[in-house]
Amino acid sequence: MPTHIPGAIAIGIGATLFMDLWNLFLKRAFSIASLNYCLLGRWLRHMPGGTFTHASITAAPRQPFECAVGWIAHYSIGVVFALVFVALASGDWLGRPTLPLALLYGICTVVFPFFILQPSLGFGVAGSRTPKPAQARLKSLVTHTVFGIGLYVSALGVRYVLQVRA
């Protein structure tokens, strides 16, 4: 596993970037907004003061560096998800990536926003307190599915780079 860590880190960054490009496409083509990662940073920046959940994160006081913290956390979470995935799938997957396994894992990661992030930000379990809960759920599910596709695409890229250098 330790020899696979750099590849898993690269895959996590790539998959997160893939997801961000998807969200940018949704915003530009359909005016569908993504989570503002500054709010993720605000949530994290309130934690040292003992506040872990909010009635509404948008009403919580802004925090210094919340945007930087949010974006760093966003990519760090993507890397951690990829590290866990590679550990579960084994290093063999890095040598021969398959889409179904990455897709299934990406879909499974939606439990984190549904049951941790969204309730903690005041959006309710699985976005139940948002103006359009079904739309919020579908958006989260599709975004995490795209993350799974990004894991696969990024693994293909990492495999290619490693083969070129070998």
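Reader: Okay, which helix does G106 lie in?

Author: G106 lies in helix 5, residues 99-108. Helices here are DSSP runs of H or I with at least four residues, numbered from the N terminus. Keep in mind that this is a predicted model, where local features need pLDDT of at least 70, side-chain atom pairs count only at pLDDT 80 or more, and totals for chains, interfaces and linings use all residues. Residues are numbered from 1 along each chain as its sequence is written, and side-chain values use heavy atoms, with hydrogens and water left out.

Reader: Is G106 buried or exposed?

Author: Buried means under 20% relative accessible area, exposed over 50%, and partly exposed in between, using a 1.4 Å probe and protein chains only. G106 counts as buried because its relative accessibility is 0%.

Reader: What does G106 touch?

Author: A contact means heavy atoms within 4.5 Å. Leaving aside residues up to four places away in sequence, G106 touches H144, T145, F147 and G148.

Reader: Now pockets. How do you find empty space?

Author: Rolling a probe the size of a water molecule over the atoms shows where empty space is left. On a 1 Å grid over the protein atoms alone, a pocket is an open set of points where a 1.4 Å probe fits, with protein on both sides within 12 Å along at least five of seven lines; lining residues have an atom within 4 Å of a point. Points are joined across faces, edges and corners, and the volume is the space filled by probe spheres set on them. Here, the largest pocket holds about 1000 Å³.

Reader: How many residues line the largest pocket?

Author: There are 37, and L35, P113, L117, Q118 and S140 lie nearest its centre. Helix 7 gives the most to this lining, 7 residues. By class, the lining has 21 nonpolar, 14 polar and 2 charged residues. Ala, Val, Leu, Ile, Met, Phe, Trp, Tyr, Cys and Pro count as nonpolar, Asp, Glu, Lys and Arg as charged, and the others, Gly among them, as polar.

Reader: And what volume does the second largest pocket have?

Author: About 270 Å³. Its lining includes D20, K27 and W71, and helix 1 supplies the largest share, 4 residues. This lining splits into 6 nonpolar, 3 polar and 2 charged residues.

Technical notes. Helices (H or I, at least four residues) and strands (E, at least two) are DSSP runs, numbered from the N terminus.
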